[in-house]
Amino acid sequence: MKIQEFRSKLEEKLSVLVLVLLVIQPVLDVFSYFLGQTGSNALSTLARFAMLAFVALLGFFISRKKKIYFFFYGAIGLFWIAHMVNCFRVGYQSPVADTTNFLRIMNFPIFTLSFLTFYEQGKDVRKSIYWGFGINFMEVVLFTLLPWALGHPVYTYETLGVGVLGWFAVPSAQSAVIVLLAPLAVLWAYKTGKYPIYLLMSAACIGLMYATGTKLTFYSIFILAGAYLFLFALNLKKKCWLYVLPLVVLAGLAFGFRAQSPMQDRENQSNYALGIYNKLVNESMENSGADAETIQDIKNGFDSEQSSEDKLEKVRRSLIGVYTDKEVYGPFLKNLHDRFGVYNVMEAYNYTTEPTILSDSRVRKKVFAKLVWQEKDFATKMLGFEYSDMLTPNAIYDLENDFPAVFYFCGYFGFALYLLFFAYFIWIILRGFALEVRRTSVEERRKNQEGRSSEKSVKRYLGSLLAGIKALGRGVQSFLTVEMGAVGMAFLLALIAAQISGNVLRRPNVTVYFAVTAATLVHLTRRRRAEKESED
């Protein structure tokens, strides 16, 4: 009885707990930043894992569907046991580091399952989440402006002195945080019903996305404005311009001042550096004694599988300086050469001389992972290799892009399970949309039959076709509310960021927003279906 009473009290306080859980995220980020300045952020990492454990246990404790939790955690546990057994078979370097990395990968499914439970068992959870996103964006703005106001600016690209960042340790992760927060922060402002708040939040979101200086934040401005333009036009009709106009004007200003943006400044500096390296690459190949034909073959894209051994050897001699000289890319690739051999690195890079590829740290990490993967046997490829395989004595080559990282660390089997988790959300949303279209289609067909029962078959056929098109339009309009569209936009932006920018699925401070968005999307879809079924 006492356990039931305690569970009931927790359920009553869930909306408050969820709000607190969200609003502490930027504070934890700032805490981690200052700990990092001292040389170790282990304490903030422990705080993040403690938060994960709390959310997981809370979700399990209040759930009325514990079989789902047993199945979910049982599947995770069995996979991890199999992974660890295989790692011990081949020689485990660091089970602790590997387990820590796995828990980071599991942040998204664990958070998402728990937040789905919070929605089922709590009251006003959705309201708390929207308030949390709105408050968090204001916190991010505050912690971004404070160091600049205090005369100690923090740049997104510190070495270039470009972009406005603030007290946040990982620029790419903070870029993703801003992109995930913005759609629901604007939604929160819209739902307050107070137009000045909406104007201020819209300006703050687009202003910060512009000032941050990453490609992700800059181009997300136009996704945000375009998506809300469509959603407001679809749902508000003639009244839409009151809300559309500020976003269109702000996005237009961002586009108009693109040449002055931090993003473009960084691109200009990068292009200047790439031009220098392109000149060094050409000089290196010319100094290697390579003939004009070989140099042209390399520039056209050399295919080692379609070439003779003599030709391959000529290409290798032509590129040896590019890949190893300290004046060119030797310092960048030294760790890869020491670990895999120069010729293997050339092969992994497809013998390219493009500075945009050879200078890219993300590509370098992908090449490292690819070469590690090629060394592994069948069992390891099925279950994934350990985190320490991505380390050298001098550097960490952990992938920034999330989905390739999950693939390499979890193998074919683990990656397939991870994708199934995402497929569940896509299935729920598509099914909800299909049912909405079907419902409106039945209504349109009934109206069409009532009004055209005496008409000829051709006219009835055309009427049915027109009714089907109307049903699809009504289904879209009925299903895609401003709220549903905003949450869906945040979900899609998170997926894009995970693949393009990274640090979304394996950074708890970013993952928590992604998980909340995914759970909210499922909740809205289920709620919409339940409402329509009750009406019928």
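**Close-up views of a predicted model**

**View 1. K334 and D338 on helix α15.** The side chains of K334 and D338 come together in a salt bridge, with 2.8 Å from N to O, where a salt bridge is a side-chain nitrogen of Lys or Arg within 4 Å of a carboxyl oxygen of Asp or Glu. Because K334 and D338 are 4 residues apart in helix α15 (residues 330–340), they are separated by about one helical turn; helices (H or I, at least four residues) and strands (E, at least two) are DSSP runs, numbered from the N terminus. K334 is partly exposed, with a relative accessible area of 47%, whereas D338 is exposed at 55%, given that buried means under 20% relative accessible area, exposed over 50% and partly exposed in between (1.4 Å probe, protein chains only). Elsewhere, salt bridges with shared partners join K65, E120 and R526 into one network. The structure is a predicted model, in which local features need pLDDT of at least 70 and side-chain atom pairs count only at pLDDT 80 or more, while totals for chains, interfaces and linings use all residues. Residues are numbered from 1 along each chain as its sequence is written, and side-chain values use heavy atoms, with hydrogens and water left out.

**View 2. Two further salt bridges, D297 with K311 and R266 with E267****.** In the salt bridge between D297 and K311, the closest N and O atoms are 2.6 Å apart. This pair links distant parts of the chain, since D297 belongs to helix α13 (residues 292–301) and K311 to helix α14 (residues 309–324), 14 residues apart. D297 counts as partly exposed at 25% relative accessibility, while K311 is buried, with a relative accessible area of 18%. R266 forms a salt bridge with E267, and here the closest N and O atoms are 3.8 Å apart. Of these two residues, R266 is partly exposed, with a relative accessible area of 27%, and E267 is buried, with a relative accessible area of 17%. Side chains of opposite charge can pair when their charged atoms come close. A search of the whole structure finds 18 salt bridges.

**View 3. Y228 in the largest nonpolar core****.** The largest nonpolar core has 154 residues, of which F108, Y228 and F232 touch the most other members; such a core is a set of buried Ala, Val, Leu, Ile, Met, Phe, Trp, Tyr and Cys residues joined through side-chain atoms within 4.5 Å. Helix α8 (residues 171–191) gives the most to this core, contributing 15 residues. When neighbours within four places in sequence are set aside, Y228 is in contact (heavy atoms within 4.5 Å) with P183, V186, L187, V244, L247, V482, A486 and M489.

View 4. K237 is partly exposed, with a relative accessible area of 44%. Most residues other than glycine have a negative phi, and most peptide bonds are trans.

View 5. P153 is found in the loop between α7 (125–149) and β1 (155–157) and counts as partly exposed, at 30% relative accessibility. The C-alpha atoms of P153 and L184, which are 31 residues apart along the chain, are separated by 28 Å. S15 is placed in helix α2 (residues 14–23) and is buried, with a relative accessible area of 13%.

**View 6. The protein chain as the setting for the close-ups.** The protein chain has 23 helices and 2 strands, and its C-alpha atoms fill a box of roughly 85 × 65 × 55 Å, taken along the principal axes. Of its 536 residues, 50% count as buried. Among contacts between residues at least 6 apart in sequence, 73% join residues at least 24 apart.
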